[in-house]
Amino acid sequence: NCSTGINSFSSHHSTISNNDITNITGGTGIVSAFNGEGGGVNVADVINGNTVIGGLYGMQVSSPYLVVDITDNTISGSSSAGILVKGGAGPGSVNIHENAATIMGAGVGVDIADNGIALLYRNDIKTNITVSKFNKYFL
């Protein structure tokens, strides 16, 4: 048991693929934070082919500077959200696509908060309390 399965912090084009992550207690399966800071590549992180079961969040992307690509993952049983996308310091975004194996069994399938930017297409998001939640904050 651990609080974070894989943590990619301030990296440039990390590929996180083909992992089975379970028994995350109160934490997150895969975290991508502040990635692509300083530029140099077109994609900050690629997260694909993973299975994440349990945790507070299946995956969390915070303050990306470039595009984080989340594809072909199975995420289930997260208590708060399958995928949490948070804006912040970086101007980047998250492409969440072709997760056909499902994002299911969470409080929220995909939660986009704090001015986060995400493009969702060709996903199987089901049996969540809420499919997607979009929060917009104005100052």
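This report walks through the fold, the nonpolar cores, the aromatic pair and the salt bridges of a predicted model.

## Overall make-up

Let us start with the secondary structure: the chain has 16 strands and zero helices. It runs to 139 residues, of which 47% count as buried.

Taking the contacts between residues at least 6 apart in sequence, 62% join residues at least 24 apart.

In soluble globular proteins, nonpolar side chains tend to be buried together. Here, the largest nonpolar core holds 21 residues, and the members that touch the most others are Met59, Ile70 and Ile83. Several strands give two or more residues to this core: strand 4 (24-33), strand 5 (43-48), strand 7 (57-62), strand 8 (67-71), strand 10 (81-86), strand 11 (93-97) and strand 13 (108-113).

Leaving aside residues up to four places away in sequence, Ile83 touches Met59, Ile70, Ile75, Ile96, Ile103, Gly109, Val110 and Asp111. There is also a second, separate core of five residues, with Ala81, Leu84, Val108 and Ala113 among them.

## One aromatic pair

A pair of aromatic rings is described by the distance of the centres and the angle of the planes. The structure holds one such pair. Its partners are Phe9 and Phe34, with 5.6 Å from centre to centre and 65° between the planes, an edge-to-face arrangement. Phe9 belongs to strand 1 (residues 2-9) while Phe34 sits in the loop between strand 4 and strand 5, so the pair ties together parts that are 25 residues apart in sequence.

How do the two rings compare in exposure? Phe9 has a relative accessibility of 54%, so it counts as exposed because the cut-off is over 50%. Phe34, with a relative accessible area of 28%, is partly exposed.

## Three salt bridges

Charged side chains come next, and a search of the whole structure finds three salt bridges. One of them joins Lys86 and Asp114, with an N to O distance of 3.8 Å. Lys86 is in strand 10, and Asp114 is in the loop between strand 13 and strand 14 (118-121), so this bridge ties together parts that are 28 residues apart in sequence. Lys86 is partly exposed at 28% relative accessibility, and Asp114 is partly exposed as well, with a relative accessible area of 32%.

Another bridge brings together the side chains of Glu98 and Arg122, at 3.4 Å from N to O. Both residues are in loops: Glu98 between strand 11 and strand 12 (103-104), Arg122 between strand 14 and strand 15 (125-126), so the pair ties together parts that are 24 residues apart in sequence. Glu98 is partly exposed, its relative accessible area being 32%, whereas Arg122 counts as exposed at 65%. The remaining bridge links Asp124 with Lys126, whose closest N and O atoms are 3.7 Å apart. Asp124 has a relative accessible area of 26% and is partly exposed; Lys126 is partly exposed at 37%.

Terms used. Residues numbered from 1 in each chain as written. Predicted model: local features only at pLDDT ≥ 70, side-chain atom pairs only at ≥ 80, totals over all residues. Heavy atoms only, no water. Helix = DSSP H or I, 4+ residues; strand = E, 2+ residues; numbered from the N terminus. Buried < 20%, exposed > 50% of the residue type's maximum accessible area, 1.4 Å probe, protein only. Contact = heavy atoms within 4.5 Å. Core = buried A, V, L, I, M, F, W, Y, C linked by side-chain atoms within 4.5 Å. Phe/Tyr/Trp six-rings, centres within 6.5 Å; stacked < 30°, edge-to-face > 60°. Salt bridge = Lys/Arg side-chain N within 4 Å of Asp/Glu carboxyl O.
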